[in-house]
Amino acid sequence: PLRISFVALAHEEPPVKVAYAIGRKVGNAVARNQIRRRLRALMDNFNPQPHPGNYLIKCGLETGNLSYDQLQHHLHQALDRAGAFA
């Protein structure tokens, strides 16, 4: 349900910047904001921290049905696929 695009910056130790793409088909505004808040909290408290750079987290249609723990699991998998820890 999550796909991540990652762009590393050439600068030394740039901050981690995250943008969220959550379409209207995922749910109403309340549901989309809840997903955004959960993802923001997960990224802020992620251990180990992903590499500095720009991240775009794209949420699929089924993202609105995920629990917090499931969302955390999918986020970790998506970050791993994007090379955020390598």
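Predicted model: local features only at pLDDT ≥ 70, side-chain atom pairs only at ≥ 80, totals over all residues.
Colour the chain by pLDDT, the predictor's confidence in each residue, from 0 to 100. The mean for the protein chain is 90, and 93% of its residues reach 70 or more. Residues are numbered from 1 along each chain as its sequence is written, and side-chain values use heavy atoms, with hydrogens and water left out.

Next, switch to a cartoon. The protein chain has two helices and three strands, in the order β-β-α-β-α along the sequence. Helices (H or I, at least four residues) and strands (E, at least two) are DSSP runs, numbered from the N terminus.

Select residues 29–44, helix α1, together with residues 68–82, helix α2. They pack at an angle of about 60°, with their axes 10 Å apart. Axes are lines fitted to C-alpha atoms, for helices over the stretch in contact, and angles run from 0 to 180 degrees between N-to-C directions.

Now show side chains at the contact (heavy atoms within 4.5 Å). From α1 come Arg 38, Leu 39, Ala 41, Leu 42 and Met 43; from α2, Tyr 68, Leu 71, Gln 72, Leu 75 and Leu 79. By class, eight of these residues are nonpolar, one is polar and one is charged. Ala, Val, Leu, Ile, Met, Phe, Trp, Tyr, Cys and Pro count as nonpolar, Asp, Glu, Lys and Arg as charged, and the others, Gly among them, as polar.

Finally, select Asn 47 and Pro 48, which are joined by a cis peptide bond with omega of about 5°. Pro 48 sits in the loop between α1 and β3 (53–59).
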